[in-house]
Amino acid sequence: MAEELDIIDQVTQQEYKYGFTTNIEMDTAPKGLSEDIVRFISAKKNEPEWMLEWRLKAYKHWLTMDEPEWQNFKYPKINYQDIIFYAAPKEKIKLNSLNEVDPELLKTFEKLGISLTEQKRLTGVAVDAVFDSVSIATTFKDQLKEKGVIFCSISEAMHEHPELVKKYMGSVVPTTDNYFAALNSAVFSDGSFVYIPKGVRCPMELSTYFRINAENTGQFERTLIIADDDSYVSYLEGCTAPMRDEHQLHAAIVELIAHDNAEIKYSTVQNWYPGDKEGKGGIYNFVTKRGMCAGVKSKISWTQVETGSAITWKYPSCILKGDYSVGEFFSVAVTNNRQVADTGTKMIHIGKNTRSRIVSKGISAGKSHNTYRGLVKVNKKAEKARNHTQCDSMLIGDRSGAHTFPYIEINNHTAQVEHEASTSKIGEDQIFYCNQRGIGTEEAIGLIVNGFCREVLNQLPMEFAVEAQKLLAVSLEGSVG
Amino acid sequence: MSLLENIKQDFNQYKEQAEHDAFFETRKHAFDAFEKLGFPTIKNEEWKYTNLKPLSDILFHNTCVKSINTEALLSGSVLNTITANRLVFVNGSFNESLSNIIEKDKSIIITNIASARKKHQVIFEKHFGKYAKTETEGLNALNTALMSDGAFIHVPSNKIVEHPIVIMNVIDASEMNVLCQPRNLIIIEKQASAKVIESYISNGNNASFTNVVNEIFVDEHAQLHHYKLQRQTGESYQNNYTQLYQEANTTINQVTLTLDGTMVRNNLHFYMNGENCNSLLYGLYITSQKNHVDNHTRVDHAKPNCFSNELYKGIMKDKSTAVFNGKIMVHLDAQKTNAYQRNQNILLSDEASINTKPQLEIFADDVKCTHGATIGQLNDEQLFYLRSRGIPEHEARTMLLNAFADEIAEMIKIPELVALLEDEISNKL
């Protein structure tokens, strides 16, 4: 027992490993949000006129909206006039050579364990690293170019491929979609843009590391991925943020579009700073992620491992518009101390013979609360839609909470929809069984939790699976008393 | 005139008689709450799928109308064939001549609220308004403000009521639109036991809005079977709020059968305030035409070592819609809770729809909770099996649907009634 308590102390008192600050002079906008700030951001990024108009339209709509209140948690009101909406490293960095990158920045990435050079050499992953708001290095660009794949920052895409950006940006998540989406549309700083041409199977996993650095900066990323007919792409997104005392808002948008027979696989590992044991500090992760299966037999698959952030509030969704399209959602959400997660998905069946699958695993420890909220909607004309949902929760410690709010709206009688959910604690008998066989309590919990989440972890690409397993172990080992 | 003005007018009638009515303070208090809360709108998360708007333009009469053909209506009901204690309410007011109490033990009180208020004041005041919330539920407040009459059942300690008690509500809308507010209070003391059937039938083509509140208190080691039969025809709207409050070691078996009604909204709320409680909730809803049935259930596990099991089944036909919203709430420290919840639906037509929301909210860690929801059609293999044995398709379908529905009807522990209800279900199908 004493040993177990030690482990609990160790884990619960463990300092956030990735908490450090990089001292680089920042080119920042004044605090607050106004039409001028929107213009400032647009001008800073040297954007075309139509982009500015788009932003202003979003900003005007945002002004008319109210912050949502239906969520299953409370957070102090965000003062939008106290946020810096734009911050960019002052030194201009040329994108084609890593050697020219500020050594301070490279050090930061090294501490995070994503040394660009290493990755380039060993793993063959092209990394579009986002440091605060501006992409600082993009690797493997030439190799992708050969195949015709466009992988660049959104600001770059705006200039080089305006027709694509114009056509697709906001087509899945309209500027008027929700409060935070409107905010993002008005002030988004940068993000990634991916276009996979017809018939191309992207030769490597595309990946971005996001990182929030400057104090008091909101991060407003935007990702747009378009997979044209018969193409395939797997995209990885991973996040770490340094330790801060004040809450930081992260309101990103991710839009995916899959055309006929195309497949997009989007994986996230999120371990942003969750705040300290008393819930002070930490990131507010309020993200709108949505994929559109526009074409026949298209497929979009979301996989997420959420271990960080003070509040995680997002619902990666699929609109299954094309006939025979498939949507998938695999999620592991771990909360500890006073963290909150309100996450899940929406599967909107519009086309005929569409299928969706949801697997959600929630683990809550300490005084945290973990909510699954999901919508499965079958429209009137969506014949023979099929959905299977499974959401399991695991509770560790008697002050944690697990909640499930599935919404199932069926308007077609040929639909077949199943939902199942269960909640349980880590069994004392399971731990005892392991102990008996010489496996320590700490390791046993690791085993049980990893087993509990296996279905989801198996969906992750190799590189991420390893990191995710480590993260799970770090955040939960020994939390059973 | 709108429904709201209607209600104000009705309340003013009570106001005029205020000095003769010791109960008026309670009414006034509730009415103030109602004025503040108003009718729930679809903006309210709990009313997301049920819109009360169509009600607001109907001109209702809260006046008690004497019905001419109640007797005929009653004799046609399956409930008339079983041996039971009967309390009959017509448009919310008590009809003594049609009621019949066969219970011989005089310590068991089976009467109407209006007379209990005077004769059994102590018990009445101890329990009335203690379980159903008026501060947050607008429709409960409305019921309390305007309540007409209802059943009052008090079973003292160690008594068993031999025959079922039938609370028969007849809504007669043959002459005008009817608005009524029945209110029932059921108290089962320690180690006592009873079976109560709450039934709603209606007559006539005018509109009716029945806003019911049931308060049920079950003391330690007691048992209650509570069956609700909703078979209102015509343009009938019903909001039925039932609050069951359980002390330790009690068992409640609750069955809700909704076979008809233009719009039916049931709020069923169990609160387990002691250890080792059992709560069983079963429901069947069969909807047709453009009808709408909404079942909201909530089970509060406030103490450790309790068990709850819930199964709701639905069959939707024509252009009907159904809603199921089940919430299991496991409070902090309610360890060793076992809670199960299932909702199964069959959609029979292109235009029928179902919205289901099975929810779990868990604040304790040592629990076993599961919930599940399915929506589908009849199993093709089962159909094929029957047809390959020479059963025509239509018959095979009915057979499967009946089997699906009867699972719920069989939870009613009055065998002679089950058979009759099963007939009614197959007619409906």
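Modeller: First, a word on "buried": a residue gets that label if 20 or more other C-beta atoms lie within 10 Å of its own. Keep in mind too that this is a predicted model. With that cut-off in hand, let's look at helix α9 of chain A, residues 179-187. Eight of its nine residues are buried, so the helix is largely enclosed by the rest of the structure. Going along α9(A), the buried ones are A:Phe180, A:Ala181, A:Ala182, A:Leu183, A:Asn184, A:Ser185, A:Ala186 and A:Val187.

Now step back to the whole chain. Chain A is built from 12 helices and 24 strands, and 56% of its 481 residues are buried. Take the contacts in chain A between residues at least 6 apart in sequence: 83% of them join residues at least 24 apart.

Leaving out anything up to four places away in sequence, A:Leu256 touches A:Val172, A:Ile225, A:Ile264, A:Tyr266, A:Gly291, A:Met292 and A:Ile300. A:Leu256 is also one of the residues with the most contacts inside the largest nonpolar core, along with A:Val194, B:Ile153 and B:Val330. That core has 218 residues. Helix α11 of chain A (residues 441-457) gives the largest share of this core, seven residues. Both domain 1 (2-314) and domain 2 (426-476) of chain A put at least three residues into this core. Apart from it there is another core, of 15 residues, with B:Ile7, B:Ala141, B:Leu142 and B:Met147 among them.

Last, the place where the two chains meet. The contact uses 30 residues of chain A and 31 residues of chain B. On the chain B side, β19 (353-362) and β20 (367-376) each supply at least two residues. Sorted by class, that side of chain B has 13 nonpolar, 11 polar and seven charged residues. Strand β24 of chain A (residues 416-425) runs antiparallel to β20(B), and seven bridges join them. If you want a pair to find on screen, A:His419 has B:Ala373 as its bridge partner in β20(B).

How values were computed. Residues are numbered from 1 along each chain as its sequence is written. Chains are lettered from A and ligands numbered from 1 in the order in which they are written. This is a predicted model: local features need pLDDT of at least 70, side-chain atom pairs count only at pLDDT 80 or more; totals for chains, interfaces and linings use all residues. Two residues are in contact if their C-beta atoms, placed from the backbone, lie within 7 Å. Helices (H or I, at least four residues) and strands (E, at least two) are DSSP runs, numbered from the N terminus. Ala, Val, Leu, Ile, Met, Phe, Trp, Tyr, Cys and Pro count as nonpolar, Asp, Glu, Lys and Arg as charged, and the others, Gly among them, as polar. Two strands pair if DSSP finds at least two bridges between them. A nonpolar core is a set of buried Ala, Val, Leu, Ile, Met, Phe, Trp, Tyr and Cys residues joined through C-beta atoms within 7 Å. A residue is buried if 20 or more other C-beta atoms lie within 10 Å of its own, exposed if 12 or fewer, and partly exposed in between; C-beta atoms are placed from the backbone. Domain bounds come from an automatic or database domain assignment.
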